Amino acid sequence: MPLTSYDKKVLSSIFMIEQEGVIDFLDNIVEGSDILLEIDDHTEDVTFKLQKLYRKGKTMKEIMDYINSLITEFLSTNGDLSEAEVQSEDLYFIDHVNFEWTKNIIKEAKQLEEDTNKSKKLKTWEHSYKKAVESGVNIRELDESIKTLISKHLRNMKGAKMKKKKKKKYNTKKKKKS
């Protein structure tokens, strides 16, 4: 199923998150970019958007092909960036100039979606198994390795519901002594 204009719009917005940071970085290559330092703040939102695309039946190949076309277009308009690539890796430990963050998030979202699907299937199967045992159907007891596998996938599913981390805000004002 090819990407719709809406899908392309979503992917372009995801791409633009890192693109803005790269443009800022290229303008201030010596100092770096604050946008790229804060890029991980967008991880949860981007992952959610990508998971929605995967649920709609989009493949990782379709998504990567479109992102790669955006990357190629961007890099072709900016000339030789080999020095910037090295500088980016030195400063951020990831090659933002080649949009490695975006590519990694696409892969992580795919893996998260696969884990969630496996967990949902196992949870449904576990529920059916328990109901059958309760109703008196003669079924063998589950092997410990099967129970371990089920619990592992259920924990992954709970982790897949990415909970937003709350940051503590520290009071910077000093209390007056009375």
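Trainee: Which are the buried residues of helix α5 (residues 82-92)?

Mentor: A word on the model comes before the reply: this is a predicted model, in which local features need pLDDT of at least 70, side-chain atom pairs count only at pLDDT 80 or more, and totals for chains, interfaces and linings use all residues. Residues are numbered from 1 along each chain as its sequence is written, and side-chain values use heavy atoms, with hydrogens and water left out. Helices here are DSSP runs of H or I with at least four residues, numbered from the N terminus, and a residue is called buried under 20% relative accessible area, exposed over 50% and partly exposed in between, with a 1.4 Å probe and protein chains only. The buried residues of α5 are Ala84, Ser88 and Tyr92. Seen down the axis of α5, these buried residues fall within an arc of 40°, so they line one face of the helix; the arc is that of the directions from the helix axis to the C-beta atoms.

Trainee: Why do residues three or four places apart in an α-helix point the same way?

Mentor: An α-helix has 3.6 residues a turn, so residues at that spacing point the same way. In this model, the face of α5 turned away from its buried side carries the exposed residues Glu83, Val86 and Asp90.

Trainee: What do the buried residues of α5 pack against?

Mentor: Contact means heavy atoms within 4.5 Å, and the buried residues of α5 pack against α1 (5-27) and α2 (34-37). Just after α5, phenylalanine 93 takes a positive phi of about 65°.

Trainee: How many aromatic pairs are there?

Mentor: Rings of Phe, Tyr and Trp (its six-membered ring) pair if their centres lie within 6.5 Å, and planes under 30 degrees apart count as stacked, over 60 as edge-to-face and the rest as tilted. By this rule there are three aromatic pairs. Phenylalanine 25 and tyrosine 92 form an edge-to-face pair, at 5.8 Å centre to centre and with 70° between the planes. Phenylalanine 25 lies in helix α1 and tyrosine 92 in helix α5, so the pair ties together parts that are 67 residues apart in sequence. Phenylalanine 25 is buried, with a relative accessible area of 1%, and tyrosine 92 also counts as buried, at 13%.

Trainee: Which residues form one aromatic cluster?

Mentor: Phe15, Phe74 and Phe99 form that cluster.

Trainee: Is phenylalanine 48 buried or partly exposed?

Mentor: Phenylalanine 48, in helix α3 (residues 43-55), is partly exposed, with a relative accessible area of 46%.

Definitions and conventions. Helix = DSSP H or I, 4+ residues; strand = E, 2+ residues; numbered from the N terminus.
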